[in-house]
Amino acid sequence: YMNFIETYKVDHDICDKIIDVFWKHKDHHVEGIVGHGNVDKKIKDSIDLYISHKSIKALGNFEKALVDSATKYFNKYIIKEQEWQVEIDEPINIQYYKPNMGYPQPHFERTEYANRNRALVWMLYLTDTPNGGTHFIYQKHTTECVKGDLIVWPPDFTHTHHGVISKTHDKMIVTGWIHWKDNGSS
């Protein structure tokens with residue numbers, strides 16, 4: 001049984017660098033946003049820091065770890081004779097959840113025409129958070145929140161998911177998307 005949810009390992013020093021960037025930029029923290037810039041704590045209750053995809057280099061060696069993991073994912077699932085080109089083309093989001101905060105609303109990542117080029121979703125757990133992972137509804141699969149675990153999966157409704165809320169521990173993640181490169185043919 002293939003659920004198309006893969007886990008890769010990222011060095012803890014990269015996680016620590018991302019956490020450090022989050023806390024050094026408190027003046028840019030925002031309440032968790034869903035949809036088109038809406039804040040609704042019943043859907044998502046978090047403190048977020050958005051980073052331009054062009055500033056990913058500020059996160060140390062994370063970009064290389066992400067590209068290497070995405071390459072492994074594509075090499076596993078895509079027929080080798082096909083040529084594919086991808087890029088990171090949206091802001092990435094560092095999210096902080098205190099105990100009892102989270103993203104309990106089931107959702108998926110390609111919900112409208114504007115995000116049609118999303119090829120993969122990725123999420124890196126920055127903390128060890130017992131009972132604070134991510135649950136994939138249709139796969140009946142829950143990933144544990146283990147520091148350094150980079151989870152990669154498809155963006156469509158088949159992978160509807162929600163956060164598992166820890167009642168006792170803080171949780172931090174960084175998340176974003178890998179996009180099919182726009183070759184101008186649209």
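Predicted model: local features only at pLDDT ≥ 70, side-chain atom pairs only at ≥ 80, totals over all residues.

User: What is the phi of Lys-140?
Analyst: Most residues other than glycine have a negative phi. Lys-140 is not a glycine, and yet its phi is positive, at about 50°.

User: Which strand holds Asn-131, and what is its relative accessibility?
Analyst: Asn-131 also has a positive phi, of about 55°, although it is not a glycine. Its place is in strand β7, which covers residues 129–136. Asn-131 counts as exposed because its relative accessibility is 59%.

User: How far apart are the end C-alpha atoms of helix α2?
Analyst: Helix α2 runs over residues 62–77, which makes 16 residues, and at 1.5 Å a residue these should span 22 Å.

User: Within what arc do the buried residues of α2 fall?
Analyst: The buried residues of α2 are Phe-62, Ala-65, Leu-66, Ser-69, Ala-70, Tyr-73 and Phe-74. Seen down the axis of α2, they line one face of the helix, because their directions fall within an arc of 165°.

User: Which residues are exposed on the other side of α2, and what covers its buried residues?
Analyst: On the other side of α2, the exposed residues are Lys-64 and Lys-72. The cover over the buried residues of α2 includes α1 (12–24) together with the strands β1 (6–9), β4 (86–87), β6 (118–125), β9 (149–153) and β11 (171–180).

User: Which element gives the largest share of the lining of the largest pocket?
Analyst: The largest pocket has a volume of about 820 Å³ and is lined by 35 residues, with Ile-33, Tyr-103, His-107, Glu-109 and Trp-177 lying nearest its centre. At least two lining residues come from each of β5 (92–97), β6, β10 (161–163) and β11. The largest share, 5 residues, is supplied by β11.

User: How many nonpolar, polar and charged residues line the largest cavity?
Analyst: The count comes to 1 cavity of 30 Å³ or more, and about 30 Å³ of space lies in the largest cavity. Among the residues that line it are Tyr-97, Met-101, Thr-129, His-169 and Lys-171. By class, this lining has 4 nonpolar, 3 polar and 2 charged residues.

Methods. Residues numbered from 1 in each chain as written. Heavy atoms only, no water. Helix = DSSP H or I, 4+ residues; strand = E, 2+ residues; numbered from the N terminus. Expected span 1.5 Å × (residues − 1). Buried < 20%, exposed > 50% of the residue type's maximum accessible area, 1.4 Å probe, protein only. Arc of directions from axis to C-beta. Contact = heavy atoms within 4.5 Å. 1 Å grid on protein atoms, 1.4 Å probe; cavity = no way out; pocket = protein on both sides within 12 Å on 5 of 7 lines; lining within 4 Å. Points joined across faces, edges and corners; volume = space filled by probe spheres on them. Nonpolar A, V, L, I, M, F, W, Y, C, P; charged D, E, K, R; others polar.
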